[in-house]
Amino acid sequence: MANETELTGASLLFEVLKQHGVEHIFGYPGGAIMPIYDALYDSEVDHFLCRHEQGAAFSAIGYARASEKVGVCFATSGPGATNLLTGLADALADSIPLVAITGQVATAAMGSDAFQEIDVFGLSLACTKHSFQVTDVHDLEKVLHRAFAIALEGRQGPVLVDIPKDIQLAKVTEERGDYSTLRNKVKLPPANVGSALALLTQAKKPVLYVGGGVGMARAIDELRSFAKRTGIPSVSTLKGLGAIDPNDPNYLGMLGMHGTKAANLAVQECDLLIAVGARFDDRVTGKLNEFAPHAKVIHFDIDTAEIDKRRKANVAILGDLKVNLPALEIPLTIDDWQAKCQQMQAYFGWQYDHPGENIFAPAVLKEVSDRMPRNTCVTTDVGQHQMWAAQHMKFEDPTNFLTSGGMGTMGFGLPAAIGAQVSRPYDCVIAVSGDGSIMMNVQELATIKRFQLPVKIVLIDNSKLGMVRQWQDLFFNGRLSETDLSDNPDFVMLAQAFDIKAKQITKKHEVTGAIEEMLDHNGPYLLQVKIDAKENVWPLVPPETANDKMMENT
Amino acid sequence: MNRYQLNITADDKQVVLERILQVARYRGFLINGIHAQVNTKNSVGIIELLVSSERPIELLVDQINKLIDIKSVKVDNTVMQLESA
């Protein structure tokens with residue numbers, strides 16, 4: 001027998017959020033979502049007022065990625081909703097479970113070009129896993145439960161629920177019906193384990209290609225056990241970083257455009273590539289028809305549509321990695337291959353002996369990584385600093401490295417760090433940003449101030465849009481078009497304006513002391529690290545080029 | 001350019017047709033024709049979608065199948081044969 005209670009649509013929303021364990025929400029109020037913000041006033045949920053809806057969406061993403069919970073964000077209709085969309089696109093590209101609630105003009109006004117009206121339901125089609133527009137308050141409860149289920153089921157993703165203002169105000173009886181939210185609940189054909197085992201046992205030079213799906217499936221232990229038992233050398237995508245133990249002797253680092261030389265050479269030479277929760281992204285493969293040219297492929301994924309999308313799989317293992325990975329866990333005799341990979345890793349290791357007094361960003365990030373407390377969560381923005389962080393920092397879990405992988409969204413890092421810090425108040429959170437990226441959502445410094453979040457910001461500052469400048473130098477004959485940022489604000493003063501302690505360093509000898517000071521500081525801290533504008537990210541596989549033909553620093 | 005007919009069944013839910021058309025366009029398929037009707041008794045929609053593309057049809061089938069409200073997607077091979085005859 002259902003337990004029935006009369007509520008408004010807005011207060012019903014909070015009842016459902018409570019049932020899904022939602023404790024924290026990121027959002028920004030406005031006209032068409034006012035009944036929901038009125039109901040928030042009486043709610044137990046903690047709302048974090050961001051200073052832009054895009055910041056709210058990225059904070060919800062950071063929250064979800066750092067905590068493995070569903071992130072929730074609110075925005076009003078029209079511009080509030082459109083400001084959320086970049087965040088939803090980011091969450092879709094990186095398969096992040098998000099429930100976004102938007103206010104909408106009242107149903108009677110819909111379709112009349114009303115004030116702050118936009119067809120966000122239509123706009124959502126390309127940037128959400130699914131979306132709903134509630135036009136009958138009696139559908140609201142079911143729709144909200146469904147939204148959480150869809151966000152988590154199978155390949156995770158963002159779900160938008162658009163709620164017109166009159167639906168928020170309408171009276172409704174809560175049904176408290178049965179609902180289920182089962183992570184990875186999908187119907188898939190049984191895994192072809194026999195064929196995969198045959199390929200494994202025949203392989204002389206296998207490589208494990210680890211993607212973000214491992215973390216999303218919470219299959220870290222199963223992956224590490226598989227890697228250890230089989231002894232297969234492994235490489236990681238950007239989003240897969242942290243899944244493999246970074247100190248595993250058979251781990252070769254990130255592959256792809258800015259991957260390690262050892263990782264890319266091993267993949268190009270391998271005779272069996274075992275893709276685990278990875279999707280053969282163009283930044284990983286380089287020239288697709290020359291990627292891993294000698295390899296047969298075993299492809300583990302939960303998304304049927306990823307199989308054969310970019311690279312034909314010899315064997316596809318569809319379903320939950322936690323179940324499927326152990327089925328292939330057998331010891332292999334590949335000593336010579338392991339030894340070769342380890343030799344490559346040692347021979348092509350990173351060099352930090354940078355000449356001169358100017359600060360070398362890779363060395364700074366390595367030192368931050370070496371000194372940061374265990375279980376620190378690092379977020380990044382997008383650009384050179386992002387690739388340096390991926391190359392030179394070590395992460396022991398994918399929830400400790402949050403970066404915009406698929407969408408590559410500048411402005412991600414600072415609000416994502418806010419979300420991460422809210423979800424893990426006792427862990428250190430460091431946002432690694434660039435002087436271009438930080439300005440994309442710099443208003444979120446106000447959110448840090450308001451909630452006294454002890455987020456640390458390492459701002460790698462070359463007064464350039466560094467990655468674009470690098471490409472202009474390398475591939476556009478040095479024609480530096482619109483990449484100069486030498487008129488940036490004084491970042492130390494800017495941080496101080498938000499009551500955030502800040503310091504600028506310009507020389508190598510200042511690095512160690514500044515990192516210690518930042519990490520020892522109890523509250524938020526911005527460390528501005530001035531670097532040479534001409535530093536490039538190496539290695540670099542040029543576009544449409546095979547991964548073994550990378551450009552290197554000479 | 002290869003031409004295909006997809007026979008799709010879907011729950012009669014909000015904007016399901018828009019979702020199918022958006023996916024077809026985004027994944028590189030030209031929409032040559034569409035016929036859709038809803039069985040109001042069981043709220044199931046039946047959609048016949050004629051598309052053409054250089055890309056393999058499996059790409060589109062997999063992506064439409066991912067849509068939440070889709071029940072089934074089948075390629076009508078008889079139509080393909082007729083088009084290529």
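**View 1. A:Lys503 is partly exposed, with a relative accessibility of 29%.** Here "partly exposed" covers the range between buried, which is under 20% relative accessible area, and exposed, which is over 50%, as computed with a 1.4 Å probe on the protein chains only. The model shown is a predicted one, in which local features need pLDDT of at least 70 and side-chain atom pairs count only at pLDDT 80 or more, whereas totals for chains, interfaces and linings use all residues. Residues are numbered from 1 along each chain as its sequence is written, chains are lettered from A and ligands numbered from 1 in the order in which they are written, and side-chain values use heavy atoms, with hydrogens and water left out. The side chain of A:Lys503 meets that of A:Glu517 in a salt bridge, with 3.2 Å from N to O; this term stands for a side-chain nitrogen of Lys or Arg within 4 Å of a carboxyl oxygen of Asp or Glu. The pair links distant parts of the chain, 14 residues apart, as A:Lys503 belongs to strand β19 (residues 501–505) of chain A and A:Glu517 to helix α21 (residues 511–520) of chain A. Helices (H or I, at least four residues) and strands (E, at least two) are DSSP runs, numbered from the N terminus. A:Glu517 also counts as partly exposed, at 29% relative accessibility.

**View 2. A salt bridge joins the side chains of A:Glu290 and A:Lys549, at 3.9 Å from N to O.** A:Glu290 sits in the loop between α12 (282–285) and β13 (296–301) of chain A, while A:Lys549 is in the segment after β20 (525–530) of chain A, and the two are 259 residues apart. The relative accessible area of A:Glu290 is 28%, so this residue is partly exposed. The segment after β20 of chain A is also the place of A:Pro539, which is joined to A:Trp538 by a cis peptide bond with omega about -10°.

**View 3. Helix α3 of chain A (residues 53–67) has 15 residues, and its end C-alpha atoms are 21 Å apart.** How much of α3(A) is buried? The answer is 15 of its 15 residues, so the helix is largely enclosed by the rest of the structure. After the helix comes A:Glu68, whose phi is positive, near 60°. In the loop between α3 and β4, A:Lys69 forms a salt bridge with A:Glu23, at 3.9 Å from N to O. A:Glu23 lies in the loop between α1 (9–19) and β2 (24–27) of chain A, so the pair ties together parts that are 46 residues apart in sequence. Both partners are partly exposed, A:Lys69 with a relative accessible area of 35% and A:Glu23 at 45% relative accessibility.

**View 4. The largest cavity holds about 190 Å³ of space.** Rolling a probe the size of a water molecule over the atoms shows where empty space is left. On a 1 Å grid over the protein atoms alone, a cavity is a set of points where a 1.4 Å probe fits but cannot get out, and lining residues have an atom within 4 Å of a point. Grid points are joined across faces, edges and corners, and a volume is the space filled by probe spheres set on the points. A search of the whole structure finds 1 cavity of 30 Å³ or more. Of the 16 residues that line the largest cavity, A:Arg65, A:Glu68, A:Gly215, A:Met216 and A:Thr399 are the closest to its centre. Two or more lining residues come from each of α3, α9 (213–216) and β16 (401–402) of chain A. By class, the lining has 7 nonpolar, 4 polar and 5 charged residues, where Ala, Val, Leu, Ile, Met, Phe, Trp, Tyr, Cys and Pro count as nonpolar, Asp, Glu, Lys and Arg as charged, and the others, Gly among them, as polar.

**View 5. Phi is positive in A:Asp308, near 65°, and this residue is not a glycine.** A:Asp308 is found in the loop between β13 and β14 (315–318) of chain A, and its relative accessible area of 35% makes it partly exposed. A:Glu482, in the loop between α19 (466–475) and α20 (491–497) of chain A, likewise has a positive phi, near 60°. At 73% relative accessibility, A:Glu482 counts as exposed.

How values were computed. Expected span 1.5 Å × (residues − 1). 1 Å grid on protein atoms, 1.4 Å probe; cavity = no way out; pocket = protein on both sides within 12 Å on 5 of 7 lines; lining within 4 Å.
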